[in-house]
Number of protein chains: 4
Amino acid sequence: MKAELIKESINLFVEKGFSATSIQDIVDKLGVTKGSFYYHFKSKEALLMHIHLSYIDDLLKRQKTILETEKEARGKLVKVVELLIHDIEKQGALGRVYYREIRHLTPENAATIRKKRAEFRDRIESIIKEGIENGEFRKNLEAKMITFGILGITNWSYQWFNPKGDLSVRELADMYTDFILHGIQSKDS
Amino acid sequence: MKAELIKESINLFVEKGFSATSIQDIVDKLGVTKGSFYYHFKSKEALLMHIHLSYIDDLLKRQKTILETEKEARGKLVKVVELLIHDIEKQGALGRVYYREIRHLTPENAATIRKKRAEFRDRIESIIKEGIENGEFRKNLEAKMITFGILGITNWSYQWFNPKGDLSVRELADMYTDFILHGIQSKDS
Amino acid sequence: MKAELIKESINLFVEKGFSATSIQDIVDKLGVTKGSFYYHFKSKEALLMHIHLSYIDDLLKRQKTILETEKEARGKLVKVVELLIHDIEKQGALGRVYYREIRHLTPENAATIRKKRAEFRDRIESIIKEGIENGEFRKNLEAKMITFGILGITNWSYQWFNPKGDLSVRELADMYTDFILHGIQSKDS
Amino acid sequence: MKAELIKESINLFVEKGFSATSIQDIVDKLGVTKGSFYYHFKSKEALLMHIHLSYIDDLLKRQKTILETEKEARGKLVKVVELLIHDIEKQGALGRVYYREIRHLTPENAATIRKKRAEFRDRIESIIKEGIENGEFRKNLEAKMITFGILGITNWSYQWFNPKGDLSVRELADMYTDFILHGIQSKDS
DNA sequence: AATGAATGAGCATTCATTCAT
DNA sequence: AATGAATGAATGCTCATTCAT
């Protein structure tokens, strides 16, 4: 039941947004009553926090595995990009809630999530720095901005990419990895 | 008055989101009454549509000027990236409302906006294709995905970039232009 | 303009009722603004009172003419029934407003109208009493109830009668006059 | 609670009309809150429909019993007139809401009620026709108009009759039955 | 004679939440 | 583990009315 409440909530939050989704909307989809919701969650915000936490914790765990497995900066980066893009397929809608609705968390909860987001970002930044130092990546890069740029490319794909469309998740990940590594220009000038 | 209502609305929509912002919130900021709001706007959604329309129409107009002025694909692309990033400074918060709140428009209005968004995107795609054809850009690029990638990099900056911080808008635009053109790898491999 | 406001108001009051009709609805139909309405009428209630007054005053005047012209009770009654039914054709919708919306007048205005209504009714009651006394009508009639009965027959026709339908106003008046005078039974029993 | 809401609503709708009665007015009378009203009724219109439906359904059921019990057209008609007038006593105010506020139903709901009203009317018309055919009633009557006339007499009494006044419901029903059957003229002319 | 702008109160409805059962 | 009933606050919106121009 709790799991079903979460699943249905995510769908509705994606579709209509957190504020525009009422508890009534959620329980109606499952044919239960509001009392039931409040047995499982302390509040609407608690549900949102639950969704945010399980999403970022999962991401951090998988990122950690990558960092421990891969040796080169390039390999690490490729795998992290793949992690983010593959996520669209597995978690689908979830990502969209994650990026959009953080402002509906209480300040404390939002801070917790932001800390974890920063951690995820910092680890990517470290990969970039590592690559710059060991010569894998170009010297004059601003690691922080590049990190945001990479996150922009991947996160934005949540807005338009349809995993059931012509292009596979694998192909998209390859394309974006190539884009990030080589840019688009035909030769250095 | 109408202009002030729009300005204050945008601030609040950015801060709390469209659904979480009430008409009362908006008019309280200006010390007027709700009746006054409804004299100027038919509905809350009509205000949101107004915001969306004026944003995208302005963007399209400036994009058109760029396309008519610049000769090379590279130059066009650089200017469009600068257009998007400079916008953060000039329009500030507006962009964030634009990307986030489209789902609160009526289906018809949303369709209108999406059509205009697609036009903006298609014009970028055309630049990429043009560059591929005339040898400015690499041959094996998938123009559509690259377009989304570029939009991801620039649009994502609305989420974190603070134009009053250490890094200037100009520097950010340069950095991202460099990133998009050359990628991050030290040499082709 | 004032006349047009009245005409359009009556139509709307009939269609949607007094409370459910807004000043905005009225002025929209004429393409003018609310300020214009308030130039001609002190308030919405004042308009309603105007409508009520002109309706009942006209009815009382015509009823008086009938009483002065006809000699026999029977003739007077027939003419008054015709007066009420003919009114549907001439005044159309107005009657429906008159009977329905009196409770939206201020207590003082409502009292004024009710006094005039009572006068109209009393004059009919007098006709009945006169007819009973001089043998034109049956002895055992309760004049007051019969008066209400007659008004019921005629006023109810405002609810269903369509003057543009198969049956003419003239025919309806004849039929109801016949009904009132003879009843429906084939012979006394 | 639901029953109490209905009862209090009817009183208020009679007194002030449907549009002029607010949900607040209703719940204030019972000392509960608006939320409570909306727990029991989907909307204000849903309450009005409930009132209309239960009124006409009850009337149709009792009319059916009369038609099955009485043999002669005359007896049927007398009983139906009594049914309508007795109703004033038992249902009191309800009738006034029923005839006045139908235009505040949604078009679909109004159609449903109108269909049932027409059924009630058609059954009276059938009684008249039956009486004309078997010689109980006069030959030259137009059944449809007579039906509307009878309904006018009875329904109009909702507007003025006070069951607690001098005249009893029984006496009024007798008087109107007599009026309908014999008319008011002393002898046929 | 009419407009444009504004007000303040009120409206139907929805909401997150509570709680006895 | 879940329901039915209720609350109180808020929401988007409409209203009759006013008034300077």
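The legends below describe several close-up views of a predicted model.

In this predicted model, local features need pLDDT of at least 70 and side-chain atom pairs count only at pLDDT 80 or more, whereas totals for chains, interfaces and linings use all residues. Residues are numbered from 1 along each chain as its sequence is written, chains are lettered from A in the order in which they are written, and side-chain values use heavy atoms, with hydrogens and water left out.

**View 1. The interface of chain A and chain B.** In this view, 47 residues of chain A are in contact with 47 residues of chain B, contact meaning heavy atoms within 4.5 Å. The two chains bury about 4,100 Å² between them, 60% of it on carbon and sulfur atoms, where buried area is the accessible area (1.4 Å probe) that two parts lose on being put together, summed over both. On the side of chain A, the residues that lose the most area to chain B are A:Arg138, A:Trp156 and A:Ile184, which together account for 19% of what that side buries.

View 2. The elements giving two or more residues to the side of chain A that touches chain B are α1 (2-16), α5 (73-91), α6 (94-100), α8 (143-160) and α9 (169-182) of chain A, helices being DSSP runs of H or I with at least four residues, numbered from the N terminus. With 12 residues, α8(A) gives the most to this side.

**View 3. The rotation axis between chain A and chain B.** Chain A can be laid on chain B with an RMSD of 0.1 Å by a turn of 180° and a shift of 0.1 Å along the axis, which is the relation of a two-fold axis; the copies are superposed by least squares on the C-alpha atoms of residues with pLDDT of at least 70 in both. The same surface serves both copies, since 100% of the contact residues of chain A recur in chain B. Of the residues of chain A, A:Gly183 comes closest to the rotation axis, its C-alpha lying at 1.7 Å.

View 4. No contact joins chain A and chain C, whose closest C-alpha atoms lie 30 Å apart. Chain B and chain C do not touch either, and their nearest C-alpha atoms are 12 Å apart.
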